[in-house]
Amino acid sequence: MIYSNPNPRFPHQRRSSSEENLDRFIPNRSAMDMGYAHWMVTEGRKEKEPPFSRSPSSEAYRRLLAETLNLNRTRIFAFKNKPPVPVELIPRQHTSSSASSSSTYHQQPKPAKPRRRIRQTSERALDAPDIVDDFYLNLLDWGSSNIVAIALARSVYLWDASHGSTSELVTVDEEHGLFTSVNWAPDGRHLAIGLENSEVQLWDAASNKQLRTLKGGHRCRVGSLAWNNHILTTGGMDGLIMNNDVRIRDHIVGTYRGHSQEVCGLKWSASGQQLASGGNDNLIHIWDRRRSSMAAAHQWLHRMEEHTAAVRALAWCPFQANLLASGGGGGDMSIKFWNTITGACLNSANTYAQVCGLLWSKSERELLSSHGFTGNQLTLWKYPSMVKTAELRGHTSRVLFLAQSPDGCTVASAAGDETLRFWNVFGDPAEAAREKSAPKANSEPFSWVNRIR
């Protein structure tokens, strides 16, 4: 029953009589079976048949039917909604035999991935005497054939990571100046070397033979290099970016003009369609490979002006196309992320230190940065939260140069303290080799269903 207040002008006034009950019962109609309630009130309690006249089988059938149709309820009204009882479409006795021989796909719990232990110290340290402590140069690279190339003053050395052997590739006279950049071709055999006198040498590292010298493009030192198949892109102190086809005599096939100062960072995207360039003018440009002709030399896709210091550190994301990470110098100290389709800055993180280099992990959503003053450390970040995972210390001077091993696990770093250090920051190389050689599991969906026993 529902009681109403006889005095509607004062709906909250308490009644004076103690005999009057103010409690109200408000049924939840959405939780009630109104048809069953009406039947229980009117006809449900009437015995249609004397209980003594039922046979044991009919009584058992009546109880089973009542349980199945939920007719044993004694409550007519309901205050709360009860969750429906789950119904098994396939009885357990029919699936127990097959479950013992093969487990279903959706019942297999995903194994928990063990937490990776990141060693805070370097695995190996090598001497790098006379390395030039210059923020705008690129003096270290790790090729696909597992050989590290490093330029030390007027000499270039090769360190074979597979055998631990070191060899000298080339030494130039004083008239050529210093080596200012090194970069391996995708085949891991051919090496491009930039010089202070504006020349670029091409070497066959397998035979220790110089193939050719590229001249006539730049007017100043070539501090940055980037390969895109047979195209070698060079960036100079004159602010020019040039595409060189190393297969032909007249090697300059395109020029980009957008930087007013030295080009210190060059990186091609994985697709080979976009080129990112960073300069001492604090600018980042995104260039389209199809617009490298002389007539379209100034037509960059995007021009990013948010950094407030020189941009040397550039890294394309391996798991998300058109995502670029960039790092600013001592007057900026930030890592920024860009959508190179729209040119928008997606995020910016303050590192509180000069950003010298950036490397993405090939297996995890992580980013490694190397820094100059004041920390001189390597920092591992989770992406996209940019939470610090680890800080690797060992260098006593700014960590200018970074390179990544072919398997993606090990990172080489070179600093002004004249040391070359190796860090297993992105995983265990032995485990990565085992995963690569292990046979892949059958990924066919519902393969357990259609199986002939």
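**Chatting through a predicted model**

Colleague: Does M304 count as buried or exposed?
Modeller: M304 counts as buried, because its relative accessibility is 2%. Buried means under 20% relative accessible area, exposed means over 50%, and partly exposed is in between, using a 1.4 Å probe and protein chains only.

Colleague: OK, back to M304. Where is its place?
Modeller: M304 sits in strand β17. Strands (E, at least two residues) and helices (H or I, at least four) are DSSP runs, numbered from the N terminus.

Colleague: And what does M304 touch?
Modeller: Leaving out residues up to four places away in sequence, M304 touches N282, L283, I284, I286, W338 and G343. Contact here means heavy atoms within 4.5 Å. Take N282: 22 residues separate it from M304 in sequence, and the C-alpha atoms are 8.8 Å apart in space.

Colleague: Which strand is H302 found in?
Modeller: H302 is in β17 too, which covers residues 302-304. H302 counts as buried because its relative accessibility is 16%.

Colleague: What does the side chain of H302 reach?
Modeller: The H302 side chain reaches the backbone oxygen of T340, at 3.2 Å. Beyond neighbours within four places in sequence, H302 is also in contact with residues including I284, I286 and G343.

Colleague: Switching topic: which residues touch the most other members in the largest nonpolar core?
Modeller: Those are L140, V156, L191 and I193, in a core of 37 residues. A nonpolar core is a set of buried Ala, Val, Leu, Ile, Met, Phe, Trp, Tyr and Cys residues joined through side-chain atoms within 4.5 Å. Strand β3 (residues 147-152) gives the largest share of this core, 6 residues.

Colleague: How many residues are in the second, separate core?
Modeller: That second core has 15 residues, among them A313, F337, L358 and L367.

Colleague: Zooming out, how many helices and strands are there in the protein?
Modeller: The protein has 4 helices and 28 strands. Of its 453 residues, 44% are buried.

Colleague: What about confidence: what is the mean pLDDT of the protein?
Modeller: The mean is 83, and 70% of the residues reach 70 or more. pLDDT is the predictor's confidence in each residue, from 0 to 100.

Colleague: Where does pLDDT stay under 50?
Modeller: One such stretch is residues 1-20, which has 15 contacts beyond four places in sequence in the model. Over residues 95-105 the pLDDT is also below 50, and this stretch has 9 contacts beyond near neighbours in sequence.

Key:
Residues numbered from 1 in each chain as written. Predicted model: local features only at pLDDT ≥ 70, side-chain atom pairs only at ≥ 80, totals over all residues. Heavy atoms only, no water. Polar contact = N/O pair within 3.5 Å; in protein donor to acceptor, adjacent residues only side chain to side chain.
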